[in-house]
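Here is a short report on two local sites in a model. Please keep the structure in view while reading.

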Amino acid sequence: MLDIKRIPIPALIGIVLTALFVLAAVFAPWIAPHGNGEIVGDVWEPMSAAHLLGTDNLGRDLLSRMIYGARITLFIAVLATALSFSLGAILGFSAAVFGGWFDTLLSRLVDLLMSIPTLIMGLVVLSVLPTNLVTLILVMGILDSTRVYRLSRAVAVDINVMDYVEAAKLRGEGSGWIIFREILPNALSPLVSELGLRFIYAVLFLSTLSFLGLGVQPPDADWGGMVKENKDGIVFGIAAALIPAGAIALLAISVNLVADWVLNRTTSLKGGRG
Amino acid sequence: MADTKAKLGQPKSGLLLDIRNLRIEATVFPPGEPPKDIVLVHDVSLTLEKGKVLGLIGESGAGKSTIGLSSMGYGRGGVRITGGEVILNGRDILKGGKDGFRKLRGREVCYVAQSAAAAFNPAHRLMDQVVEATLLHGTATRAEAEKRAVALFKKLSLPNPETIGERFPHQVSGGQLQRVMTAMALCSEPDLIVFDEPTTALDVTTQIDVLAAIKDAIRDTHVAALYITHDLAVVAQVSDEIMVLRHGRLVEWGGTRQIIKEPRQEYTNALVSVHEIEHQEQKPGTSPFLSVKNVTAAYGRSHIKVLKDVSVDIYPGQTLAVVGESGSGKSTLARAITGLLPPEQGTVTFDGRALANRLADRPKEDLRQLQMIYQMADVAMNPRQTVGTIIGRPLEFYFGMRGRERDRRVAELLDKIEMGKGFSDRYPAELSGGQKQRVCIARSLAAKPKLIICDEVTSALDPLVAHGILELLLELQKEENVAYLFITHDLATVKSIADSIAVMYRGEVVRYGPKGKVLSPPFDAYTDLLLSSVPEMEIGWLEKAIKGRRMASAGN
């Protein structure tokens with residue numbers, strides 16, 4: 001059904017790059033030339049045959065750090081996005097379908113959460129709670145789900161008044177069928193485009209948190225944390241900080257290339273077969 | 001043709017519009033295939049003299065709007081004029097370039113759209129929009145233009161012509177808005193107006209007023225017009241000549257009388273004779289299986305009752321038609337019966353027991369017995385489900401059918417609606433309008449209901465396609481002994497399908513009984529208005545109908 005020749009080139013680039021990131025993350029211990037916390041050389045050594053990307057502020061191999069960093073970054077971002085989407089979309093759709101006090105209560109609650117800047121909210125919550133992966137994912141996912149809730153509710157409210165939804169209600173269908181079979185497939189396009197963006201926001205948010213010292217704790221580091229570790233080198237003309245920053249940008253672009261392509265396919269009302 | 005010319009008494013004058021071998025193309029982008037050009041209009045030629053009206057008629061996709069708009073050099077939505085000449089007032093406007101078009105549009109040629117409600121900018125007052133084109137072209141000062149506009153409002157018999165221009169579009173009714181739009185087109189004193197289905201979206205009772213107003217305005221201002229519609233009876237009232245189009249090709253072109261009385265082409269003949277289905281009225285049975293008793297309903301906690309004390313009965317295997325103009329409460333009656341809008345007072349009894357008022361309180365079995373078909377088949381089907389899923393779902397849901405058994409029954413139903421098994425994998429977007437409505441019929445039949453509520457099911461379809469749907473419904477009624485509650489504003493449809501009729505007016509049933517009795521005199525004032533407003537394919541019908549009316553329509 002999926003013909004590789006028919007995938008547009010930008011999407012193909014996106015797929016290849018994203019796949020590379022994912023492979024690096026999954027097989028990190030086998031790919032990385034050195035250990036994550038292993039000090040192998042001098043501080044901020046330039047790129048060389050021994051250390052392809054040079055070494056970092058403590059003399060650890062930057063390439064190995066990047067590969068392990070991909071693992072942490074992707075793991076947290078993927079789980080946080082998955083959480084925010086399932087939570088946000090299901091609550092948003094339910095609010096649209098049930099309406100009434102359920103909708104009012106949820107919507108006001110979300111307004112309340114959104115009225116506090118996400119970063120400040122995240123900082124406060126994380127500085128109180130013990131910093132580990134689970135709380136990090138939960139905090140990021142729940143904070144992000146407010147945006148997804150707003151979007152999916154708005155989309156579902158429009159779909160909910162369509163005749164085909166009324167027809168399903170007349171047939172006597174339960175809310176499960178209406179939410180997952182009537183509304184979800186039709187709300188997928190805006191949600192998928194949002195998914196690409198939200199995933200990247202999750203990566204950036206995690207990087208911000210780590211940069212501020214509240215995210216992933218040393219000696220582990222995600223890419224944002226690595227920018228922080230190496231930022232002082234920039235003053236001395238050492239590019240070590242730019243490499244993780246570049247990786248974040250590259251990931252952002254390639255994920256969105258894939259999301260755009262998926263979006264194109266899901267918008268087709270003819271099952272994508274022309 | 002000669003006689004109509006004489007009758008209208010217009011000064012004999014030269015050619016205004018001469019379209020020669022017009023060819024219009026568009027590029028389509030089928031997903032996964034290279035884009036390709038398709039021809040929408042194949043070498044169509046036409047001429048129009050000053051002060052004459054040419055009717056363009058055909059089903060949707062015939063290219064009538066495309067040809068009409070080409071007279072102002074406009075191609076809608078990426079449509080390109082790739083060949084031929086459009087000669088207006090002696091010059092080929094296609095050679096004029098963008099500047100030429102700008103000088104032409106709104107000055108020499110004006111346009112009246114189908115949906116005036118969508119064509120007016122809701123943020124500006126009517127007067128500002130009516131005089132806009134005149135002021136832009138600098139042909140009159142604002143004061144002059146407004147004076148002209150008021151005179152046109154008067155001519156188009158709009159209420160309060162002096163002050164109606166101060167209102168916003170949402171403050172006037174649909175019929176009035178359509179007339180304001182006509183005034184807008186006439187205001188810059190153009191030579192040609194393109195009317196694109198100006199009355200199609202209106203009720204019959206409103207349509208007749210708008211039609212008369214347009215006709216008078218055309219006569220008095222000596223403007224020429226292209227009148228685009230799919231309703232032959234309407235076009236017969238206003239045009240001197242009629243051009244029949246199909247698939248972007250000319251079928252027949254002739255005087256109005258010749259086209260409607262002596263069509264030469266088979267397709268024209270089919271269009272002319274489309275409405276005639278002979279349907280013998282059945283005697284009401286001994287006991288109705290569904291009775292609506294003294295139902296009163298309102299939306300929200302409003303004091304305005306949309307239904308007032310409505311009582312009707314439906315007999316097994318028979319059709320009750322509910323007729324009335326928009327806002328008369330026809331669809332609300334359907335919503336009350338189905339439980340979507342719980343009535344405030346009154347009951348709906350089914351098989352001798354009262355149905356629960358609210359949809360949520362009704363058992364599955366009751367829901368199965370009452371099915372519904374909607375006006376807009378496009379939005380009544382989930383665009384992400386295949387035809388097989390759409391028809392198969394009631395089978396799964398009500399009868400627990402699965403797998404092969406279900407597929408077999410889906411194939412049977414597809415067969416019943418005269419569509420092949422191959423349609424089962426298609427998505428709604430891959431069906432034509434008529435096919436979509438057929439799938440909706442199959443979906444409701446799948447539940448094996450006793451009653452199907454048909455809410456304006458043929459209103460959005462071309463006459464020929466609608467005809468096919470009506471025949472199918474009658475056929476299925478015979479086979480399955482299903483009853484219909486048929487909601488419509490089209491009396492021709494009622495005549496072909498109903499056994500009994502309820503006429504509704506402002507929420508009340510004003511006339512109710514077997515078809516023969518309801519449709520024979522003496523009539524009450526509203527039924528008379530409704531009956532006399534249905535356009536007949538007869539020259540001079542409009543004048544006769546206006547003269548013979550006993551009351552003005554409510555929604556004009």
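## A covered strand and a buried glycine

In chain B, strand 3 (residues 53-57) and strand 8 run parallel and are joined by 5 bridges. The model is a predicted one. Strand 7 (residues 192-196) of chain B also pairs with strand 8 of chain B, in the parallel sense and over 5 bridges. One bridge partner from each pairing is listed here.

| Residue | Partner in strand 8 of chain B |
|---|---|
| B:Ile193 | B:Ala225 |

Strand 8 of chain B spans residues 224-229 and is mostly covered, with 6 of its 6 residues buried. B:Ala224, B:Leu226 and B:Ile228 point one way from this strand. B:Ala225, B:Tyr227 and B:Thr229 point the other way. In a regular strand, side chains alternate between the two faces of the sheet.

Strand 7, helix 8 (residues 204-221) and strand 8 of chain B form a right-handed β-α-β unit.

UniProt, in an unreviewed entry, places "domain: ABC transporter" at residues 22-272 and 290-531 of chain B. Over residues 290-531, chain B is 40% helix and 24% strand. The end C-alpha atoms of that stretch are 28 Å apart.

Now to chain A. A:Gly88 sits in helix 3 (residues 62-98) of chain A. Is A:Gly88 buried or exposed? A:Gly88 counts as buried because it has 26 C-beta neighbours inside 10 Å. Beyond its neighbours within four places in sequence, A:Gly88 contacts A:Ser145, A:Val148, A:Tyr149 and A:Ser152. A:Ala187 lies 99 residues from A:Gly88 in sequence and 13 Å from it in space, C-alpha to C-alpha.

Terms used
Residues are numbered from 1 along each chain as its sequence is written. Chains are lettered from A and ligands numbered from 1 in the order in which they are written. This is a predicted model: local features need pLDDT of at least 70, side-chain atom pairs count only at pLDDT 80 or more; totals for chains, interfaces and linings use all residues. A residue is buried if 20 or more other C-beta atoms lie within 10 Å of its own, exposed if 12 or fewer, and partly exposed in between; C-beta atoms are placed from the backbone. Helices (H or I, at least four residues) and strands (E, at least two) are DSSP runs, numbered from the N terminus. Two strands pair if DSSP finds at least two bridges between them. A crossover is right-handed if, with the strands pointing away from the viewer, the path from the first strand over the helix to the second runs clockwise. UniProt positions are given in the numbering used here, feature names are shortened, and annotations may be inferred rather than shown by experiment. Two residues are in contact if their C-beta atoms, placed from the backbone, lie within 7 Å.
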